[in-house]
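I opened this notebook to record what I looked up, beginning with the sheet and ending with a helix and a loop.

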Amino acid sequence: MSDKPVPSVLFVCVHNAGRSQMAAAWLTHLAGDRIEVRSAGSAPAGSVNPAAVEAMREAGIDMSDQTPKILTTGAVQASDVVITMGCGDTCPVLPGKRYLDWQLGDPAGQGVEAVRPIRDEIERRVRALLVELGVA
């Protein structure tokens, strides 16, 4: 058993219904319990984007049981890396945290055909993040 702490990552987008949910699902799928994964939104939607759920299902990942969550300062405090995706200045910035901003298309209101390339770009970035964090 390792004494090395498990890194934690928080994905944030406005509605926590598409990009951040897909990123969290990819990271959970690829890293398992080697990384603590959170996602949240500054103005959470009522449900996860069905096109995002379908696009992830096509990749073999079921995120149909996920629900959008509100972004809290506590979630930021508990995370080593905070990855924002189009949430602007609404994410609290705390000292000692690593922040990344992933510029990605917004899947809101899009069909699954438009969500697939976003899903694939998120997968690519999550895989690169795993290498950066030393858990690939």
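For angles I take axes as lines fitted to C-alpha atoms, for helices over the stretch in contact, with angles running from 0 to 180 degrees between N-to-C directions; contact means heavy atoms within 4.5 Å. Helices (H or I, at least four residues) and strands (E, at least two) are DSSP runs, numbered from the N terminus.

I note that this is a predicted model, in which local features need pLDDT of at least 70, side-chain atom pairs count only at pLDDT 80 or more, and totals for chains, interfaces and linings use all residues. Residues are numbered from 1 along each chain as its sequence is written, and side-chain values use heavy atoms, with hydrogens and water left out.

Sheet. I find four strands in an open sheet, ordered β2-β1-β3-β4 with parallel pairing, where two strands pair if DSSP finds at least two bridges between them. The edge strands, β2 and β4 (98-101), each pair on one side only, and the twist averages 20° from one strand to the next. Between β1 (residues 8-13) and β3 (residues 81-84) I find four bridges, and V12 has T84 in β3 as its bridge partner. I see α4 lying across β1, β3 and β4, running at about 150° to β1.

Helix α2. In α2 (residues 50-58) I list A51, A52, V53, A55 and M56 as buried (under 20% relative accessible area, with a 1.4 Å probe and protein chains only). The buried residues of α2 pack against α1 (19-31) and α4 (112-133). After α2 comes G60, with a positive phi near 85°.

Loop. I place S42 in the loop between β2 (36-41) and α2.

Conventions:
Buried < 20%, exposed > 50% of the residue type's maximum accessible area, 1.4 Å probe, protein only.
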